[in-house]
Amino acid sequence: MSAATPTRAAAPAAPPFLQIQDVVKDFGGGAVAVNHVSIDIAKGEIFALLGSSGCGKTTLLRMLAGFETPTSGRIVLEGRDIAGMAPYDRPFNMMFQSYALFPHLTVFENIAFGLKRDGMPKDQIAARVEAMLKLVQLGKYAQRKPHQLSGGQQQRVALARSLAKSPQMLLLDEPLGALDKKLREETQIELVNIIEGVGVTCVMVTHDQEEAMTMATRIAVMSEGRVLQVGPPSEIYETPATRFVADFIGNVNMMEGTLTKDWPDHVIISCADCTHYVGHGITGTEGMAVGVAVRPEKIELSRTEPAGEHSPHNKVRGTVKDLSYFGSFTVYHLQLASGAVLKVSESNVARHRDEQLTWGDTAWAHWAPTAQVVLTQ
Amino acid sequence: MKSAMKSATKSLRAMFTRGRTVVIGTPYAWLLVFFLLPFLIVLKISVSEMDGVRFKDVLTFADGLMQLTLKFSNYVFITQDDLYFKTYWSSLIYAASTTFFCLLIGYPFAYFMARAKPRLQPALLMLVMLPFWTSFLLRVYAWKGLLSENGWVADVLTFLRIDHLLLAGGLIPALDRYMNSPFSLVLGMTYTYLPFMILPLYGNLAKMDLRLLEAAQDLGATAFTAFWKVTVPLSKAGIIAGSMLVFIPCVGEFVIPELLGGPQTLMIGRVLWDEFFSNNDWPMASTVAVVMIVLILVPLAIFNRYQAQAQELRR
């Protein structure tokens, strides 16, 4: 069965600015940190490498910065292979996870550090640093030492320092990892605004999917040194290519089943607790094993059995085993007949609902014929 | 009941406050009894007059007349006899050269130790401290043999024609003669005090965040520039601590000049010895000691000020 891979967002039209071609990094001792990775990055993109720790994303970023040399493969910048180029010769600058601000230098001197290395005249350096400080709104702090700044201010100094040399590419290593949650949300938008304002191409590494979703134009999901899927955030979320990606990004209900009927316009998939009517164009051979992924927010709950047009498909009965109230929405854990648990999230539109489900209630979950993603891998 | 608890917490708190006073007070008490008091005694002796083998009282009270007799002639004498000035000066020069060579050898040593594989570091640290297991006197004495006419270190130096270089610099008395010279003295002191330079430097360099070097390289600094612009400034506290630990004891060093320096190398420690044990002139000896302490206190004060600043920086 060819699980109808939805039309991929068309590859960036412009010729790729940076090409990572079949790059391998093997530190020796078993696992390969980066395993045959190929990615094209277009000019002006904010590209996120997303994955849990140890997936190879940081190693890949460090190879872009020049701190590691690929075991094999090429890193091509506008037609030129830069894989072996020393970090101080690369037109890339990096914002480090811990910022790595020089503690013995003032904010001004930190930002000027890279400019001085280029032998820029003093008055030009001063003007450039002023401009950078203005960009990150830290004009008053030029003479402070890094330890006299708050975490958010340090982050902005680090950003200013990495942008000061007008790099062709900005590398961000967990750019907001060291900030607390509230500040992180504010900074995400601000950071994107600054990067887009400057117009620099940006590769960021993060383990935080929300961060990747809000900031990046495209995301590469990585696991165990490999890239599993590359695409815009909505594509990664709505049409994951594999069970791993579906599970890694957001919440999902994974159900394993077999394809029982293949009609021209739909298929029927039987799972342990329910049957699925999948209406979007997929096809396959009857009897093949598939996975069905349904996001919790795409499921609705009702106390009575819904009489949908696709009845008896796309619905299941269960008891509320658990519910987590998040304020704007509530996640219900529905215990199904087989013992499996179905997560359903309902947004709390009204302030008080009389028919609010609670522990032990029996309810029907139902979903549209377009809600499911059918996965073979 | 409530008041009982209140009084209990009160006495508990009082105990803690007292405990804190004891903790803070102990080192001060120690310094007072074993440093300030002896220093005051030495200071007193330096201005006392000898009465045969005894000192005359500085403060006398007789017939309703209180008399304070301070004899400053020793201090005056020190300023007039240029032997003392020369000795102080050469002591400072020898101590400074020793510090310089310790830094020159110790910095790369500490640097490579700090950058070595973590597994190797304890072993390397052990090697630095290993010489302390043998008597200091024995180790210095060994150099006498190594540098004497048929010592193998001397032979190697002569073979490499380093003696020509040293003679040209006036650091040895003649070709193939290394003992009893400024060369042998500074060599011996550098050898002895090297660990005191390495240990604080290592402590400092090992703590350094290596990502700062990556950041420097990322911003266009070569490894060499990154070292000068980042590593060295950040290890300033270690350099100063190590230098003080070498410089201060070197100024007053007695044993090494006695064993390796010979009569030509003037060091204040030996003058002190002579005044005490050869001339039996305790007031003069005390005067020499007081002036030496003042000479050492100046760099120490600078060091402390720097430390305080660095501490403030870290806050």
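Good morning, colleagues. The model is a predicted one, in which local features need pLDDT of at least 70, side-chain atom pairs count only at pLDDT 80 or more, and totals for chains, interfaces and linings use all residues. Residues are numbered from 1 along each chain as its sequence is written, and chains are lettered from A and ligands numbered from 1 in the order in which they are written.

I begin with chain A. Helices (H or I, at least four residues) and strands (E, at least two) are DSSP runs, numbered from the N terminus. Six strands of chain A form an open sheet with mixed pairing, in the order S6-S7-S8-S3-S9-S10. Two strands count as paired if DSSP finds at least two bridges between them. At the edges of this sheet are S6 (92-95) and S10 (226-231) of chain A, each pairing on one side only. From one strand to the next, the twist averages 20°; angles run from 0 to 180 degrees between N-to-C directions, and axes are lines fitted to C-alpha atoms, for helices over the stretch in contact.

Within this sheet, S3 (residues 46-50) and S8 (residues 201-206) of chain A are parallel partners over five bridges. A:Ile46 is placed opposite A:Cys202 in S8(A). Helix H4 (residues 151-163) of chain A packs on the sheet, where it touches S6 and S7 (169-173) of chain A. The direction of H4 makes about 175° with that of S6(A).

The other sheet of chain A is open and antiparallel, with five strands in the order S13-S12-S11-S14-S20. Why is one side of S13 and of S20 left without a neighbour in the sheet? S13 (275-278) and S20 (372-375) of chain A stand at the edges and each has a single partner strand, so one side of each lacks a neighbour there. Neighbouring strands in this sheet are turned by 40° against each other on average, direction ignored. Strand S12 (residues 267-271) of chain A pairs with S13(A) in the antiparallel sense over four bridges, and A:Ile269 has A:His276 of S13(A) as its bridge partner.

I turn to the two chains together. Contact here means that the C-beta atoms of two residues, placed from the backbone, lie within 7 Å. By that rule, 16 residues of chain A are in contact with 16 residues of chain B. On the chain A side, the elements giving two or more residues are S6 and helix H2 (107-117), and H2(A) supplies the largest share, three residues.

Finally, chain B. Its domain assignment, which is automatic or from a database, gives domain 1 (2-68) and domain 2 (81-314). Their C-alpha centres lie 35 Å apart. Seven residues from domain 1 of chain B and seven residues from domain 2 of chain B make the contact. On the domain 1 side, helix H1 (residues 2-46) of chain B gives the most, with five residues.

In chain B, helices H3 (residues 82-115) and H11 (residues 236-251) pack at an angle of about 145°, with their axes 9 Å apart. Among the contacting residues are B:Tyr94 and B:Cys102 of H3(B), together with B:Phe247 and B:Val251 of H11(B). The contact of H3(B) with H11(B) has 11 nonpolar, six polar and no charged residues. In these classes, Ala, Val, Leu, Ile, Met, Phe, Trp, Tyr, Cys and Pro count as nonpolar, Asp, Glu, Lys and Arg as charged, and the others, Gly among them, as polar.
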